[in-house]
Amino acid sequence: VQTCALPIFIFGGLLDNVPLSVGGYIKKSTNEEINLDEAWFEEKGFTVFPRYSPVVAWTGRYILIYGGLALTEDLRVTSVNDGFVIELETGNAWKMNSDFSPSWATQGVWSGEYLIIWGGYKVNYTTFYSEVSGINTGAIFDPSTNRDRKSTRLNSSHLVISYAVFCLKK
């Protein structure tokens with residue numbers, strides 16, 4: 001049997017090719033299972049789109065989830081442009097106050113202070129087929145203020161990067 005020092009957190013994914021907006025985690029201090037379903041998010045004051053393939057970061061205090069893919073009411077795949085923050089120990093949760101581009105396959109990293117995201121794809125549908133366009137910009141999200149800022153230093157001529165490595169100086 002292995003033990004895990006980090007909280008166990010599961011959210012979203014696919015079931016029978018349909019994105020999920022449910023999940024859960026185990027509260028470390030009490031070993032209590034917390035179910036994350038639509039009612040839990042509504043109790044916190046917001047709705048969460050079912051999604052898969054989002055950016056997920058663990059800060060040591062918060063789980064940050066942004067973007068991903070979802071299905072529209074007419075069952076077309078689209079990229080999601082929202083995110084949310086869950087403080088696992090207290091059970092507090094809120095929507096990210098962010099202005100990121102809707103994105104899927106976006107890269108993200110937790111810097112120790114900020115969530116840095118960059119690139120990915122935006123998926124839109126025209127009448128007959130999907131349009132996928134690359135995103136070559138990034139943003140920095142600060143969970144302590146629930147604000148983001150676009151970064152001109154994160155712009156690049158590269159549309160999509162499979163993996164990003166960030167070196168940060170303090």
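User: Happy to look at this one with you! How many helices and strands are there in the protein chain?
Analyst: Good place to start: this is a predicted model, where local features need pLDDT of at least 70, side-chain atom pairs count only at pLDDT 80 or more, and totals for chains, interfaces and linings use all residues. Residues are numbered from 1 along each chain as its sequence is written, and side-chain values use heavy atoms, leaving out hydrogens and water. Helices (H or I, at least four residues) and strands (E, at least two) are DSSP runs, numbered from the N terminus. On that basis, the protein chain has one helix and 17 strands.

User: Is Thr 59 buried or exposed?
Analyst: Thr 59 sits in the loop between β6 (55-58) and β7 (62-66). Buried means under 20% relative accessible area, exposed over 50%, and partly exposed in between (1.4 Å probe, protein chains only). Thr 59 has 18% relative accessibility, so the residue counts as buried.

User: Which backbone nitrogen lies 2.7 Å from a polar atom of the side chain of Thr 59?
Analyst: A polar atom of that side chain lies 3.0 Å from the backbone nitrogen of Arg 61. At 2.7 Å, the backbone nitrogen belongs to Tyr 62.

User: And Ser 103, what is its relative accessibility?
Analyst: Ser 103 lies in the loop between β11 (92-95) and β12 (107-110). Leaving out residues up to four places away in sequence, Ser 103 is in contact (heavy atoms within 4.5 Å) with residues including Tyr 66, Val 80, Tyr 121 and Ile 135. Ser 103 counts as buried because its relative accessibility is 3%.

Conventions. A polar contact is a pair of N or O atoms within 3.5 Å; within protein, one must be able to donate a hydrogen and the other to accept it, and residues adjacent in sequence count only if both atoms are side-chain atoms.
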